[in-house]
Amino acid sequence: MSVWDEVVGQERPIAPLRAAVDDPGAMTHAWLLTGPPGSGRSYAARAFAAALQCERGGCGECRECSTAVAGTHADVTLVATEKVTISIGEVRDLISLAATAPSRGRWRVIVVEDADRMAERTSNVLLKSIEEPPPRTVWVLCAPSPQDVAVTIRSRCRVVGLRTPDPDAVARLLTARDGTDPDLALECALAAQSHIGVARRLARDPEARARRDQVLALATDIRGVGDAIFAAADLVDVAETDAKAATEERDAEERSQLMVTLGVEDGSRIPPALRAQLRQLEEDQKRRATRHKRDVFDRAITDLMSLYRDVAIVQTGATVRLVNIGHDGHIRDLAGRTSLADTMRCLDALGTARERLAGNVAPLLALEAMALALRPRTAARR
């Protein structure tokens with residue numbers, strides 16, 4: 001199985017990458033892979049890195065392919081920040097690494113999976129290395145769209161635009177790779193709106209599906225101001241609990257490892273000279289938790305938008321497939337007792353909430369305003 005086989009539904013977009021592997025004349029030393037969330041741009045970057053190292057162009061079976069995709073290849077560096085931004089210090093470290101020759105592979109490949117999280121000042125630090133990389137160094141940057149990357153960077157990269165894969169293709173991947181039941185695979189692929197990572201998590205984790213159902217229930221559970229306030233508080237609690245569960249164990253392990261590195265016994269007093277390093281770790285962990293909570297909020301709002309999109313489809317009589325096929329009865333009930341104007345108003349409120357959260361508005365305030373806007377405004381139709 002080739003490393004390219006899991007880059008789902010992107011046969012035409014990735015043709016330039018495959019051509020560059022096969023023909024040195026088509027090679028470029030800086031690439032920008034763009035595409036909506038879930039399009040597989042990060043995996044496409046890893047597949048490209050593996051194919052560059054593989055003597056057979058990405059066979060998917062050799063040691064070069066398996067280690068490159070897994071992120072353990074000595075000459076493939078994968079950068080996927082768990083913080084809100086990528087720091088200048090991290091980029092400077094990458095630039096130093098880019099200047100070195102590959103230790104055993106054919107190329108030194110540096111994949112930055114969140115290039116859109118670099119501030120303009122940070123991007124300017126990277127510019128020189130992008131313009132004049134060493135002969136055997138390849139930069140692969142990933143971002144949702146070219147506009148999310150500084151113009152000075154994207155103008156020096158070859159852009160490869162991925163697209164949202166077909167949900168049927170994602171469902172086939174879940175069935176073939178993970179053994180998921182075909183019906184469940186399709187339901188999860190549609191619910192994830194073809195986001196491969198989210199679809200896989202929904203298919204493998206019944207609790208994740210239950211949490212999503214709980215979020216979708218907000219559309220009918222909010223009847224008044226009190227319901228709206230409680231719903232917003234519940235969303236914040238869910239995000240904080242999720243972030244704590246996802247990071248607590250890792251935070252403790254990182255702290256323990258730092259203590260060992262610094263030569264400080266667990267539970268003993270930390271010398272003043274070493275406290276700055278501990279504070280830096282705690283700040284990084286706090287940023288990671290903040291990003292995780294933002295991702296939870298964004299996913300919840302996206303799920304609600306998909307539900308109201310389905311309601312609008314039923315209200316207009318459109319013949320396209322519903323996203324939330326497992327909630328057909330819920331959708332038709334909501335469509336029957338509200339108007340299309342109500343649905344559009346709710347979609348606008350959800351979009352506004354996403355913008356406010358992206359602009360660092362306090363999450364509880366943004367979600368309370370959103371939940372208040374989801375209250376029914378028209379009487380049920382008979």
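The entries below go from the whole chain to single residues.

**Ground rules.** I'm working with a predicted model, where local features need pLDDT of at least 70, side-chain atom pairs count only at pLDDT 80 or more, and totals for chains, interfaces and linings use all residues. Residues are numbered from 1 along each chain as its sequence is written, and side-chain values use heavy atoms, with hydrogens and water left out.

**Overall build.** I looked up the secondary structure and got 16 helices and 5 strands. Helices (H or I, at least four residues) and strands (E, at least two) are DSSP runs, numbered from the N terminus. Next I checked the radius of gyration, taken over C-alpha atoms, against the globule rule of 2.2 Å times the number of residues to the power 0.38. For 382 residues a compact globule would come near 21 Å, and the protein has 23 Å, which agrees. The C-alpha atoms fill a box of roughly 75 × 55 × 40 Å along the principal axes.

I found 46% of the 382 residues buried; buried means under 20% relative accessible area, exposed over 50%, partly exposed in between (1.4 Å probe, protein chains only).

**Cores.** Which residues touch the most other members of the largest nonpolar core? Tyr-308, Leu-367 and Met-370 do, in a core of 34 residues. A nonpolar core here is a set of buried Ala, Val, Leu, Ile, Met, Phe, Trp, Tyr and Cys residues joined through side-chain atoms within 4.5 Å. Helix H13 (275-316) is among the elements that give two or more residues to this core, and H13 gives the largest share, 9 residues. I then followed Met-370: beyond its neighbours within four places in sequence, its contacts (heavy atoms within 4.5 Å) are Leu-235, Ile-301, Leu-304, Ala-349, Leu-350 and Ala-353. Apart from this core lies another, of 32 residues, including Trp-4 and Cys-142.

**Arg-177.** I found Arg-177 in helix H7 (residues 167-178). Arg-177 counts as partly exposed because its relative accessibility is 31%. Leaving out residues up to four places away in sequence, Arg-177 touches Glu-6, Ile-196 and Arg-200. The C-alpha atoms of Arg-177 and Arg-200 are 10.0 Å apart.

Is His-327 buried or exposed? His-327 counts as buried, at 16% relative accessibility, whereas Thr-319 is exposed at 81%. His-327 touches Asp-213 and Leu-216, not counting residues up to four places away in sequence.

**Positive phi.** Most residues other than glycine have a negative phi. I noted a phi near 70° at Ser-194, in the loop between helix H8 (182-191) and helix H9 (196-204). Asn-360 also has a positive phi, about 70°, and is found in the loop between H15 and H16. Ser-194 counts as buried at 5% relative accessibility, while Asn-360 counts as exposed at 53%.
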